Amino acid sequence: MYCAILGKMEVTMRQAKGYYNYDRKCVECGNGFKGTLKQNRCSKACVLENEKYIKPYPGLPTGTVGAIQELRVSIDLMANGYEVFRAISPSCSCDLLALKNGKMFDVEVRTGYERKNGWVGCPNQGIRAKHLVIALPDRLVYKPVLC
Ligand SMILES: [Zn+2]
């Protein structure tokens, strides 16, 4: 089909309707691009280049990696004077309880990733605890900081 607006022979209905014509800003590199309303990244190549995501403990099952991350956080909390309690059931509302000076903190531990611009994130669905610890390969990020 010939499109009078774009002057091209091959135009999809989505292109003809302006589906990809929104001004967007890439969350990875910060460059502007034309895309859909939901599109946050300019290209796949940009994601791969900017997202410093290294799969931790390659070859190990997800559950084992999760357990390792919980134990890393437990060690960190204990080293900082907290008493740490671990959930018995995987469907508990938090992974760890940390106790210090009569204050109790419910803690969720997630394996996270970091972008070149310093942004740290993790899958955030189903988090019910008030305190999140994002486990990165080289450090732990507390959100918010326990006190
Ligand atoms: Zn980009």
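Colleague: How do strand 1 and strand 2 pair?
Modeller: In the antiparallel sense, over four bridges. Strand 1 covers residues 22-25 and strand 2 covers residues 32-35. Keep in mind that this is a predicted model.

Colleague: Which residue is the bridge partner of Asp-23?
Modeller: Lys-34, in strand 2.

Colleague: How many residues sit between strand 1 and strand 2 in the hairpin?
Modeller: Six. Gly-30 is in the turn and has a positive phi of about 85°.

Colleague: Switching topic. What does the domain assignment give?
Modeller: Domain 1 is 13-50 and domain 2 is 62-143. Their C-alpha centres lie 33 Å apart.

Colleague: Which residues make up the largest nonpolar core?
Modeller: There are twelve, including Val-73, Leu-77, Phe-105, Val-107 and Ile-134. At least two core residues come from each of helix 3 (62-79), strand 4 (96-100), strand 5 (103-111) and strand 8 (131-135). Nonpolar side chains tend to be buried together in soluble globular proteins.

Colleague: What is Ile-134 in contact with, leaving aside neighbours within four places in sequence?
Modeller: Arg-110, Gly-112, Val-120, Cys-122, Val-141 and Lys-143.

Colleague: And Ser-89, where does that lie?
Modeller: In the loop between strand 3 (83-86) and strand 4.

Colleague: Is Ser-89 buried or exposed?
Modeller: Exposed, because Ser-89 has 6 other C-beta atoms within 10 Å, and 12 or fewer counts as exposed.

Colleague: How many residues apart are Ser-89 and Phe-33 in sequence?
Modeller: They are 56 residues apart. In space, Ser-89 and Phe-33 are 46 Å apart, C-alpha to C-alpha.

Conventions:
Residues numbered from 1 in each chain as written. Predicted model: local features only at pLDDT ≥ 70, side-chain atom pairs only at ≥ 80, totals over all residues. Domains from an automatic or database assignment. Pairing = 2+ DSSP bridges. Core = buried A, V, L, I, M, F, W, Y, C linked by C-beta atoms within 7 Å. Buried ≥ 20, exposed ≤ 12 C-beta atoms within 10 Å, placed from the backbone. Contact = placed C-beta atoms within 7 Å.
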